[in-house]
Amino acid sequence: MLAALAMALFAFLGVFAMAGPAHAEAEPPEESAYSISGILNFEGEPVEGVSLTVEGDGYTETVESGEDGRWRVPVPGPGNYTVTLDTETLPDGIDLRNEDGATAEVTEDEWSTTNVGRLFALGEDTRQSSNFGSQLIERLVAGLNFGLLIALGAIGITLIFGTTGLNNFSHGELVTFGGLMAWLFAVVMGLNIFVALIIVVILGAAFGWVQDAALWKPLRKRGVRLVPAMIVSIGLGLALRYIYQLFFGGAILPMSSVGLSGAVEFGPVRITTGSLLSMGISIVTLVLVGLFLTRTRVGKATRAVSDNPSLASASGINVDRIIRIVWTTAGGLAALAGVMLALYRQSSWDMGFQVLLLMFAAVTLGGLGSAYGALVGSLVVGIFVELSTLFIPADLKYAAALLILILVLLVRPQGILGRRERVG
């Protein structure tokens, strides 16, 4: 089948290449496919009848904006052009926001598509510039939201580490699984986001169960040591990541169509309904996880296995069953984190890998094996990541989180809530 597909592809390309010369000999269209365009608005209303002239490469053309304020000038092809707005044709009472803004340049490097847009600002600038205090509050809220998202995934990592000793480097792909499934059910299939959320969490828990049943339990029974098992997790993460890319592509998968892109204002803070939903669900889920670990028999057994697996087994606790429950719970939490992250940013094939180091940083910062430490570490990482954008470029914000991890561990090597252990 692969050979047949390849031959068909080569045949298609050959026909296309043969058709090329005939197309080149055809007469060019009367109107060029390349153009420069824009729209003129004043206080939300279109401005009609304004003259604009495009000059460049020996070409000159003048047009007027239409009833909807739009204008478009066809040009011979990609090149350098100057767009000039005739201020004399502006209606009475309407002026340029900037007196020197009557001209705009278009360079040859900008022609990545057949159209280049240019806008001319009219009227007084009524936008409100936020001061440092407002920005600080906004970043704090965004950091709290991001930290809660990281915590959902980080708690799964720390539970797996506590019960098995494994640093699971494929955990990011469980997060990605949740984000991609949310896009599939909520956007492609059009299900209600809350219905999709429940389905995705169930599927994520099932995915965690299958991973332990098919891979990790057989490895434990064969006595595979932790370092080889960690390498297996790295390989599993790579395989899953590129399987996701194969089926879902490498583009960003937007979640804006689920109806949670509206904004709500609380004083100086403007936050989307999707982020509010994400924060609410994350807080409720983390509280339920805490109650599960402290108030239920299974939760207490999980903590016992995390403290001392041999002693827990001698006490009559089925360690394999507890580990299976931990993997199932971690899969569900990671899938939920993926849904929340997709609502917070967007979905993509490598979204979990992008935050994997942050989850490990949160676990290490809070204290390895401590669920509450993972929560505290996640909040510290999330808030620090968002606050750092006030002082450094956004591209470096993840590096800033790892820097704070190093500084904290220099002062407290066991982490914020970790226990001191004697070595040697």
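This is a predicted model: local features need pLDDT of at least 70, side-chain atom pairs count only at pLDDT 80 or more; totals for chains, interfaces and linings use all residues.
Local features require pLDDT of at least 70 and side-chain atom pairs count only at pLDDT 80 or more, while totals for chains, interfaces and linings use all residues. Residues are numbered from 1 along each chain as its sequence is written, and side-chain values use heavy atoms, with hydrogens and water left out.

The chain averages a pLDDT of 83 (the predictor's confidence in each residue, from 0 to 100), and 88% of the residues score at least 70. Over residues 1–30 pLDDT stays under 50, and the model has zero contacts there beyond four places in sequence (contact means heavy atoms within 4.5 Å).

The largest nonpolar core has 81 residues; such a core is a set of buried Ala, Val, Leu, Ile, Met, Phe, Trp, Tyr and Cys residues joined through side-chain atoms within 4.5 Å. Buried means under 20% relative accessible area, exposed over 50% and partly exposed in between (1.4 Å probe, protein chains only). Among the residues with the most contacts inside this core are F146, M255 and V381. A second, separate core of 24 residues includes I36 and L90.

Nine aromatic pairs were counted, where rings of Phe, Tyr and Trp (its six-membered ring) pair if their centres lie within 6.5 Å; planes under 30 degrees apart count as stacked, over 60 as edge-to-face and the rest as tilted. The rings of F169 and F360 are stacked, with centres 4.7 Å apart and planes at 25°. F169 is partly exposed at 26% relative accessibility, whereas F360 is buried at 11%. Y242 and W349 form a tilted pair, 5.7 Å centre to centre with 40° between the planes.
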